[in-house]
Structure formats: C-alpha cells, structure tokens
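Work through the exercises below with the sequence and the model in view. Try each task before reading its solution.

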Amino acid sequence: MIEAVVFDLDGVLLDSEQVWDEVREELARERGRRWHAGAQAEMMGMSSPEWSRYMHDVIGLEESPEEINDEVVRRMLDRYSTRLPLIDGAVDAVRRLATTFQLGVASSSNRPLIDEALRAAGLEGLFAATVSSEEVARGKPAPDVYLEAARRLGVPPEDAVAIEDSANGIRSAHAAGMPVVAVPNRHYPPDPDALALAAARLESPADLTPELVAGLR
C-alpha cells in the first residue's frame with residue numbers, strides 16, 4: 001500500500017532549472033570563464049558538492065567549490081525573494097495529496113533553498129521529511145536521497161511514490177525502488193530511456209490525484 005509521496009523540488013514544484021542555469025552562467029561569465037550549452041544538463045541532479053566541483057574543475061572558476069556553492073546559493077535566495085517560480089498547480093497538488101499520504105521532499109537543492117521555497121509557498125508544515133542531496137553521500141541518479149527520504153518518513157521505499165521531472169531524478173527514484181510519476185521538464189526533457197522507467201507520466205503536477213498515486217502499488 002502506498003503510504004507516502006516524495007516530491008522533487010526543482011522542476012516539479014518550482015520552475016527553477018533555468019534559474020539555476022542563469023545564475024551559474026552569470027557567475028561563470030563574470031569570472032571570465034567559458035560556459036557551454038550542455039553544462040546545466042550535465043549538472044542536473046548533482047548534489048551541491050558535485051556541481052560546485054564541476055564549476056571549479058570543468059568551467060574553471062578559481063574559487064574553491066565551497067565558495068562557489070555559497071555564492072550560487074546566495075544568488076538563488078535573492079531570486080526567490082524577488083519571485084518564487086512556482087509551477088502552476090503544484091501547491092494545490094501538494095495540499096491535495098497531503099490529505100491522504102505522508103509527504104517528503106528529495107531534492108538536489110541546498111538545504112537553505114528547500115526551506116525557503118517551502119516557507120514562501122506556505123507548504124513547510126505539510127512535509128514530514130525533507131532531504132537535500134548535500135546531506136547524503138551521492139547525488140542523483142544515485143538512489144541515496146530517495147532512500148534517505150523514505151528512512152526519515154519511516155516507510156519502505158516501495159511504499160512511497162516519487163514525483164520527478166528529470167532523467168537523473170527518475171533514475172534515482174527508480175533505483176531506490178519507488179514507483180515514479182514523471183512530469184517531464186519542458187526546458188530539459190528527460191530522455192526516452194529514463195521516461196520508460198516511470199510508472200506514470202503526467203503533463204502537469206495539477207494532474208496529480210490521490211487516486212492516481214494509490215493505484216501505483
């Protein structure tokens with residue numbers, strides 16, 4: 001029986017993948033470094049230690065990965081304070097599912113960004129557990145962040161449904177043993193091989209219902 005639903009944040013609740021892209025590209029160009037078109041796709045799902053190391057090693061920023069991480073998070077928080085990029089229907093979907101299931105978040109975002117986004121959206125009280133991939137050993141597509149979310153929720157992974165938008169996210173949740181509902185990111189659509197791992201596919205989080213989720217077990 002499905003007992004819990006675990007949401008990704010970026011691309012599922014927030015239309016923020018392109019915001020990450022803009023902020024990191026802006027920082028790289030300010031530092032006189034060359035950005036390349038595939039950088040954002042390559043960093044999707046990485047934990048903050050992983051993507052900040054990528055920015056240092058591949059993009060060539062001279063600051064330490066820790067300094068890069070802190071600056072990017074500061075700029076993201078500034079963006080969120082101006083406008084939180086909520087996806088249409090996402091807040092209602094969370095509230096709808098919270099009437100039936102325990103809810104969690106398993107996100108590649110940093111802890112301060114998760115907390116601020118849920119607070120600003122008025123949703124923080126609806127989630128029993130939130131996990132940032134910076135709190136586990138490996139980022140997506142490894143299953144670590146979803147396994148930790150299930151552990152904190154106190155449910156077996158197979159009794160929790162994941163809501164994901166990206167290829168690495170779908171692979172992460174699937175590797176953890178969770179049925180996955182894919183809501184493909186329109187800016188960075190997942191590849192067909194990843195989509196094939198999903199138990200269901202929706203066009204929008206607005207289409208999420210307790211009945212659909214319960215039927216995935």
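**Exercises on strands and rings**

**Exercise 1.** Find the residue of β2 that stands opposite Val-6.

Solution. Val-6 stands opposite Gly-104 in β2. This is a predicted model, where local features need pLDDT of at least 70, side-chain atom pairs count only at pLDDT 80 or more, and totals for chains, interfaces and linings use all residues. Residues are numbered from 1 along each chain as its sequence is written, and side-chain values use heavy atoms, leaving out hydrogens and water. Strands are DSSP runs of E, at least two residues, and helices are runs of H or I, at least four, numbered from the N terminus. β1 (residues 4–7) and β2 (residues 102–107) run parallel, joined by four bridges. Strands pair if DSSP finds at least two bridges between them.

**Exercise 2.** Which way do the side chains of β1 point?

Solution. Ala-4 and Val-6 point one way, Val-5 and Phe-7 the other. All are buried (under 20% relative accessible area, 1.4 Å probe, protein chains only). In a regular strand, side chains alternate between the two faces of the sheet.

**Exercise 3.** Describe the aromatic pairs of the structure.

Solution. The whole structure holds two. Rings of Phe, Tyr and Trp (its six-membered ring) pair if their centres lie within 6.5 Å; planes over 60 degrees apart count as edge-to-face. Phe-7 and Phe-127 are edge-to-face, at 6.1 Å centre to centre and 85° between the planes. Phe-7 lies in β1 and Phe-127 in the loop between α6 and β3, so this pair ties together parts 120 residues apart in sequence. Trp-20 and Trp-51 have centres 5.7 Å apart and planes at 70°, so they are edge-to-face too.

Key:
Buried < 20%, exposed > 50% of the residue type's maximum accessible area, 1.4 Å probe, protein only. Phe/Tyr/Trp six-rings, centres within 6.5 Å; stacked < 30°, edge-to-face > 60°.
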